[in-house]
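Reader: I have a new structure open and would like to learn how to read it. Could you walk me through it step by step?

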Amino acid sequence: MAVKYKKLTEKELDIFIDMRINQLREEGAKEDIDLKPALRDYYDRHMADGTFISWLAVDGDKIVGTSGMAFVEKPPYFGCPSGKMGLLSSMFTSKDYRRQGIAKELLSRVVNEAREYGCGTVQITASDMGVLLYTDFGFEKNGNFMQYKL
């Protein structure tokens with residue numbers, strides 16, 4: 001295996017979007033809508049202004065792992081005095097490449113990007129499969145997280 005790491009560019013975006021949709025389906029999403037246009041719009045805008053970055057794991061010409069970090073800002077608070085937060089998403093490794101340290105390397109790279117951006121915290125809604133990766137990395141559960149769907 002000769003996996004290398006690179007930042008996501010416009011060139012890989014269509015494949016990245018397909019992998020994101022496959023990831024959501026693998027995690028149990030049942031909705032029957034075409035998410036591609038909304039994802040394309042989001043990534044085009046936020047990659048352009050630097051508020052979304054992604055590292056990819058590639059084996060030859062094949063993308064075998066993805067990661068994503070969106071940078072958001074909210075009013076500063078004691079747990080995050082900068083108010084800048086990283087929202088982790090799109091953590092996915094192809095089945096044949098799992099359990100080889102790829103996700104950990106991708107996670108390390110996007111967390112470093114968040115640190116360089118000035119984020120005081122990184123958050124994720126973890127799948128059951130990802131919880132061990134994140135807790136081993138040092139993430140802690142926050143029992144206060146709640147969501148209201150509009």
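Reader: Let me begin with strand β1 and β3: in which sense do they pair, and over how many bridges?

Author: Gladly, and please keep in mind that this is a predicted model. Strand β1 (residues 3–7) pairs with β3 in the antiparallel sense, and the pairing runs over five bridges. To see one of them, find Lys-4, whose bridge partner in β3 is Val-58.

Reader: What is the order of the elements from the N terminus on?

Author: Reading from the N terminus, the order is β-α-α-β-β-β-β-α-β-α. That comes to four helices and six strands. The radius of gyration of the protein is 15 Å, close to the 15 Å that the globule rule gives for 150 residues, so the protein is as compact as a globular protein of that length. Along the principal axes, the C-alpha atoms fill a box of roughly 45 × 35 × 30 Å.

Reader: What share of the contacts comes from residues 24 or more positions apart?

Author: Among contacts with a separation of 6 or more, residues 24 or more positions apart account for 64%. As for burial, 36% of the 150 residues count as buried. The accessible surface comes to about 9,800 Å², and carbon and sulfur atoms hold 52% of it.

Reader: Which strands are joined to β4 by bridges?

Author: Let us take them in turn. Strand β2 (residues 52–53) runs antiparallel to β4 and is joined to it by two bridges; here Phe-52 has Ala-70 as its bridge partner. Strand β3 (residues 55–59) is also antiparallel to β4, with four bridges, and Leu-56 stands opposite Thr-66. Strand β5 (residues 84–93) is joined to β4 by eight bridges, again antiparallel, and there Gly-68 of β4 faces Ser-89.

Reader: What lies between the strands in the hairpin of β3 and β4?

Author: Two residues lie between them, and in this hairpin Gly-60 takes a positive phi near 65°.

Reader: Now a helix. How does the span of α3 compare with what its 16 residues should give?

Author: The way to read it is to set the expected span beside the distance between the end C-alpha atoms. At 1.5 Å a residue, helix α3 (residues 102–117) should span 22 Å, and its end C-alpha atoms are 23 Å apart, which agrees.

Reader: Which residues of α3 are buried, and which are exposed on the face turned away from them?

Author: The buried ones are Ile-102, Leu-106, Leu-107, Val-110, Val-111, Glu-113 and Ala-114. They cover an arc of only 155° around the axis, which puts them on the same side of α3. The face turned away from that buried side carries the exposed residues Lys-104, Arg-115 and Glu-116.

Reader: And what follows α3?

Author: Gly-118 follows α3, and its phi is positive, near 100°.

Notes
Residues numbered from 1 in each chain as written. Predicted model: local features only at pLDDT ≥ 70, side-chain atom pairs only at ≥ 80, totals over all residues. Heavy atoms only, no water. Pairing = 2+ DSSP bridges. Expected span 1.5 Å × (residues − 1). Buried < 20%, exposed > 50% of the residue type's maximum accessible area, 1.4 Å probe, protein only. Arc of directions from axis to C-beta. Rg over C-alpha atoms; globule rule 2.2 N^0.38 Å. Contact = heavy atoms within 4.5 Å. Areas by Shrake-Rupley, 256 points an atom, 1.4 Å probe, with all protein chains shown as cover.
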